[in-house]
Amino acid sequence: MPTVTFLPSFRKVEIAKGRTILEAAQKAGFHVNVVCGGQGKCGKCKVIVKSGHTEFDHEQYESILSAAEVEDSVCLACQAKVIDDLRVVIPDATLVQEQQILVDSGEIPTALNPAVWKYFLTLVPPSLDDQSPDLTRLLWEIEKSGGPQERAIYAPLEVIRRIPRVLRESGWKITATVALVPGGYRLIHVEKGDTASHIYGAAVDLGTTTIVVYIRNLADGHIMGIGSSYNHQISCGEDILSRVTYAKSGGGLAKLQSLAVDSINAALTEASNSAGIDREDIYEVVVAGNTIMTHILMGIDPAYMIEEPYVPVVRRYLTTAAQRIGLAVGENSGLFIFPAVSDFIGGDIIADILASGMAEGEEISLLIDIGTNFEVVLGNRDWMFTCAGAAGPALEGGEVLFGMRANPGAIERITIDPVTLVPSFSTIHNQKPKGICGSGLIDLLAQLLEACVIDRTGRINMTIARERIRMGRHIPEFVVAWKDETAIGRDIVVTENDIKALIMSKASVLAACQTLMNKAGIARGEISRIFFAGAFGNYLDKNHAITIGLIPEVPVGRVTGIGNGAIAGANIALLNRRKKKVLDEIAQKIAYIELNAESAFMDEYTRSCFLPHTDLSLFPDVETKLGQCRIRRGSA
Ligand code: FES
């Protein structure tokens, strides 16, 4: 079997001839970017072959690899097959980097009413006059302290076994922990002394890319620590469909399940270390995630969700012991998984709805969560429509020549001088730019449109005599940063193809919003609030989102970012057990609209493939702005 040696670490791995360098890298424990799921489309898995032979057709990928890269033996790890012993360099840019993870859950507007309580108890020791059993004595004392009735509390065997020793070694001063679980009250822990103030819970946002954990004190609701991690499953596929495909392979589901648990445990460790608390004192874990992620976390086969007729195994909320799936928290701590609406509308969206409060009032709201896939919810406390679709990777920086995730060095804000066309930009962590992330791309599109550098179809106006507007490799492009300004030694440009990909992505989102509005008979003026959930929505410029027609035009003051709605919703359910009951009600209230079955969606999509839309009367303020641009350039 050939050996692949990865440099500069000299990590070696043996792999069967004909397997890809990507498979070898994963086997060696490297987390390689696989934005397109290994289809040879995104160019994010570039590696340099220093010695040895591979099977790789450079000509086939000339649109992704520059001439200089071909000369340097750069190839795509997902496409290059190992023929004999190799020495391969994995550049930093190819490895999954520390993400700019959105941990902000905003304000948590909820009462404190958790599902776990601690009671510090001083028991009267038994005597010949009082021979009540230890367990009865303990449960009576809980009842006397204001807890549930003795008969209503179930005590599992493993806790009963601890009781005699803990009672006697503590001098009959103990702390008992009781949780409300679906079957009733449960005694989940007994320990020596007074630990009543050490009662914590964890809220988890289980994302396809990132994981965020909040640890809260359940005695007063305060945040004790926050942790995050990228989802270690990324090395098995970047997007959700490639994860399901991986799950179908032999042992794939078990591996993905354990990677999800590892990722949550890593974030739990970070959060508990920063809080200075023991993870054993975490008594409940509440997880919000998309339907496929939560299925995988629970070890439930997700395969049938991507095959007709697309059904999940379970939609209702799930509970079990957290340790049963490997979470590193207290021995009898509970795990609560948010319910889902469908295969595409999961617990993360239910959490967004809970966090936004849109299910509580009469006013009509539109909630939009954008990643590679997007979800849209329209409605109020009486009714809700929802749909989901693929936005494509462009809005997150994928399949855009210099697009990148929101990592350090990504251009995240851009303004363009409308006269000189010179851009000003800021990057994440103020590093020299390496590429442009989603919020920067939205700015770029809006600013190029407002400066009349591109027309409403996204075509670059090559008649404008500015050195930044030029013909690139067979395609017009606009130079955002000259190579001596960048960290990559190359000009960072946006090409006409990139612009078209961005327009197609934004068109999917707008068409979905319009389809739901048409279905409900709602005009844009009737929408009181638009909520953006998730990292992408949180960082983007809301005016620019309207300018390009990513969302319907409403007064910009009505558009709010709710931050990480999934973690906010998980926090609310953790702190207030009554909200857990509301979740199923929300899930049952929502009518899921299958966009593929809606002929009107394709019409809306076609109309939305313009900036901002074919019908400018739907975007009156943008129309005014664009009119001013034409007047400035003297074309009107
Ligand atoms: S080109 Fe290899 S993962 Fe996309």
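Helix 5 and helix 6 are oblique to each other, a class left for angles that are not under 35 degrees (roughly parallel), over 145 (roughly antiparallel) or 65 to 115 (roughly perpendicular). In this predicted model, local features need pLDDT of at least 70 and side-chain atom pairs count only at pLDDT 80 or more, whereas totals for chains, interfaces and linings use all residues. Residues are numbered from 1 along each chain as its sequence is written.

Helix 5 (residues 240-248) and helix 6 (residues 252-275) pack at about 125 degrees, and their axes are 6 Å apart. Axes are lines fitted to C-alpha atoms over the stretch in contact, with angles from 0 to 180 degrees between N-to-C directions. R243, Y246, A247 and K248 of helix 5 meet G252, L253 and L256 of helix 6, contact meaning C-beta atoms, placed from the backbone, within 7 Å.

The chain has 16 helices and 29 strands, which are DSSP runs (H or I, at least four residues, for helices; E, at least two, for strands) numbered from the N terminus. Of its 636 residues, 50% count as buried, that is, with 20 or more other C-beta atoms within 10 Å of their own.

How values were computed
Buried ≥ 20, exposed ≤ 12 C-beta atoms within 10 Å, placed from the backbone. Contact = placed C-beta atoms within 7 Å.
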